[in-house]
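Work through the exercises below with the sequence and the model open. Each task is followed by its solution.

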Amino acid sequence: MPDKNSPVAIERCDVLFRGGKVVDGSGTAAYIADVAITGDRIVAIGALSGIKADRSVDISGCVIAPGFIDSHTHDDHALLTDPAMTSKISQGVTTVITGNCGISLAPVVPLEANLPSTFHLLGDRAGFRFQDFGSYLDELDKHPSAVNAGCLVGHSTLRLAEMTDLDLPATEAQRSAMRERFARAFEAGALGLSTGLYYPTARAAPTEEVIAIADVMAASNGIYATHMRDESDGVESSLEEALLIGREADVPVLISHHKVIGPQNFGRSIRTLARIDRATAEQRVGLDIYPYIAGSTALDPERCRGQMRVLVTWSKQHPEQAGRDIVDVARDWKCHPVEAAKRLLPAGAIYFMLDEADVRRIMAYPLTMIGSDGLPHDAHPHPRLWGTFPRVIGYYARQLGLFTMEEAVQRMTSLPAAFFGLQDRGVIEEGAYADVVVFDPEVILDQATFDEPTAHSSGIRMVFVNGQNMWEKGAVSAQRPGRALRRER
């Protein structure tokens with residue numbers, strides 16, 4: 001905590017926030033102080049009544065915190081096609097991590113007219129136009145969005161670039177080509193490698209294939225993030241595989257959107273978290289979670305046999321069915337839900353497949369970060385795209401008392417900043433980048449629902465990205481101060 005009585009070296013600033021409660025991202029107790037911004041940096045914190053400011057804002061009764069870092073997104077293409085990024089800015093997010101689940105927009109230009117369905121998580125084929133990962137990062141700099149972006153390289157994307165049949169393991173020559181392609185991307189500034197071993201695009205890949213590529217990052221500051229091979233009955237063996245890859249490649253492991261799927265597995269998070277805890281004694285491990293009991297991804301007809309509720313989010317063949325339950329679509333079409341799902345493909349869906357007790361247990365674990373895992377191209381998206389971060393603070397911290405507000409903020413600021421190596425972000429301290437959110441701690445809450453998934457959250461007063469005011473009075477600014485956050489070498 002700064003000494004509020006110490007002399008301040010500056011005489012003026014661009015923006016002065018007065019009288020707010022500083023939640024600095026460290027997890028320690030909040031305190032009352034003024035915060036000054038000049039350019040893209042925080043320049044002073046304390047009793048700053050003597051400083052002149054171009055704009056002075058009284059935020060008494062509100063919290064000022066670091067801008068939230070969304071540790072798991074699929075915003076790769078949205079950053080270029082929807083640079084306002086209102087779904088993120090409106091909930092206080094100032095930085096997104098892209099390229100998750102093995103699917104990144106670069107480095108690949110697909111040869112085939114039709115993309116494998118998994119790649120539609122990022123949009124249509126036209127978006128995949130970057131043969132070189134550095135060119136994609138340059139494009140983010142040339143045409144910036146409202147938020148910063150740190151980018152992973154997808155293993156499935158590497159496979160698509162170097163293989164003609166994704167239903168097979170890669171040959172030695174293909175592994176070598178993927179490794180070389182990834183090395184160029186890593187050198188260009190990618191934060192690491194992601195896999196989606198659950199998906200058909202990578203299901204045939206053996207553990208050794210992933211290790212051979214991840215090994216490019218050995219003993220560096222790169223990250224291996226994984227949508228594990230199985231989050232249902234095989235969740236524990238899949239966790240062992242993820243940890244093994246981290247050890248063999250000598251890289252930190254991030255377990256993406258950690259969950260245990262299906263009633264037969266409810267409660268198994270007790271064992272998975274205990275295993276992660278043991279693993280941290282010998283390797284660096286992190287995990288993230290979205291705060292809902294439903295997930296969302298491509299529509300899988302095999303999941304439409306009545307074992308869970310399935311809500312359609314988009315369909316290329318029948319776009320009018322977005323937002324409807326698969327059982328209702330099937331009833332109208334007078335067929336089984338599995339057949340209805342097949343007619344909708346390619347399509348996306350929301351699956352109600354998790355247990356609230358597991359969600360809370362995983363979220364309460366000290367190493368857990370927060371990632372929305374939202375799909376911005378869905379016609380009827382999962383509400384996590386718009387409501388994740390206010391939900392964690394307003395519902396899980398304030399209403400349920402799962403952890404303190406300070407701990408909630410730490411999970412979505414300094415914890416991911418440190419894990420991904422984002423220098424001078426995720427904290428309110430002098431010299432840090434001015435990524436800042438101001439919110440009302442008594443009001444902040446998600447408003448997006450499964451029926452109305454794009455509603456703005458309540459309680460977010462102001463959001464600054466690199467010192468620029470991006471959100472105020474419920475509207476996003478026309479400025480685009482976001483930056484591509486390249487890996488620190």
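**Exercise 1.** Which residue in strand 11 is the bridge partner of Tyr-224?

Solution. The model is predicted, with local features requiring pLDDT of at least 70 and side-chain atom pairs pLDDT 80 or more, while totals for chains, interfaces and linings use all residues. Residues are numbered from 1 along each chain as its sequence is written, and side-chain values use heavy atoms, without hydrogens and water. Strands are DSSP runs (E, at least two residues), numbered from the N terminus. Strand 10 (residues 223–227) pairs with strand 11 (residues 253–255) in the parallel sense over three bridges; pairing requires at least two DSSP bridges. The partner of Tyr-224 is Val-253.

**Exercise 2.** Find why one side of strand 6 and of strand 16 has no neighbour in the sheet.

Solution. The open sheet has eight strands in the order 6-7-8-9-10-11-12-16, with parallel pairing. Strand 6 (68–70) and strand 16 (368–370) stand at the edges with a single partner strand each, so one side of each lacks a neighbour in the sheet.

**Exercise 3.** Classify the ring pairs Phe-68 with Phe-439 and Phe-119 with Phe-128.

Solution. Rings of Phe, Tyr and Trp (its six-membered ring) pair with centres within 6.5 Å; planes under 30 degrees apart are stacked, over 60 edge-to-face, the rest tilted. For Phe-68 and Phe-439, 6.4 Å between centres and 45° between planes give a tilted pair. These two residues are 371 apart in the chain, Phe-68 in strand 6 and Phe-439 in strand 17 (residues 436–439). For Phe-119 and Phe-128, the centres are 5.8 Å apart and the planes at 75°, so the pair is edge-to-face.

Technical notes: Helix = DSSP H or I, 4+ residues; strand = E, 2+ residues; numbered from the N terminus.
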